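The following note sets out points on one pair of packed helices and their surroundings.

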Amino acid sequence: MAETQLLKGVLEGCVLEVIAQEEIYGYELIQRLKQYGFSTIIGGTIYPLLQKLEKRGLIAGVMRASPDGPDRKYFQLTEDGRVYLKDFWQQWTELVDKVSQVNGGKYNENT
């Protein structure tokens, strides 16, 4: 199974978590995700997701001048975003626990 299929359901939470850690603009967010090992992430995936999250009120964007060229839109978590992110991590933990019970812990990075 391709990583993209598994990632589809959790990318939103990962993006919100990065934004929760610091105010960040789109390209920088993509680079940060790549640093975390999400090597297949591209702008065509992230930018529409940022628009969706902003439209839902989970993040807020502010245009700021950039010393390196055109203005950049920096994103930060809203209060609704913080509530959503907390719920995401709770659901993620519960899901990981259930999956771990199913596989009995026999699959890990050394398998």
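**Notes on the H3–H4 packing**

1. Helix H3, residues 26–35, packs against helix H4, residues 43–55, at an angle of about 125 degrees, and their axes are 10 Å apart. H3 is therefore oblique to H4. The coordinates discussed throughout are those of a predicted model.

2. The crossing in which H3 passes H4 is right-handed. On the H3 side, the contact is made by Gly-26, Tyr-27, Leu-29, Ile-30 and Leu-33. H4 contributes Gly-43, Ile-46, Tyr-47 and Leu-50.

3. What is the class make-up of the contact of H3 with H4? Seven of its residues are nonpolar and two are polar, while no charged residues take part.

4. Arg-32 is also located in helix H3. Is this residue, Arg-32, buried or exposed? Its relative accessible area is 17%, and because the cut-off for burial is under 20%, Arg-32 counts as buried. Leaving aside residues up to four places away in sequence, Arg-32 touches Val-18, Glu-22 and Ile-24.

5. As regards annotation, the unreviewed UniProt entry lists residues 15–86 as "domain: Transcription regulator PadR N-terminal".

Terms used: Residues numbered from 1 in each chain as written. Predicted model: local features only at pLDDT ≥ 70, side-chain atom pairs only at ≥ 80, totals over all residues. Heavy atoms only, no water. UniProt positions renumbered as here; feature names shortened; annotations may be inferred. Axes fitted to C-alpha atoms, helices over the stretch in contact; angles between N-to-C directions. Helix = DSSP H or I, 4+ residues; strand = E, 2+ residues; numbered from the N terminus. Parallel < 35°, antiparallel > 145°, perpendicular 65-115°, else oblique. Left-handed = near helix turned anticlockwise from the far one by under 90°. Contact = heavy atoms within 4.5 Å. Nonpolar A, V, L, I, M, F, W, Y, C, P; charged D, E, K, R; others polar. Buried < 20%, exposed > 50% of the residue type's maximum accessible area, 1.4 Å probe, protein only.
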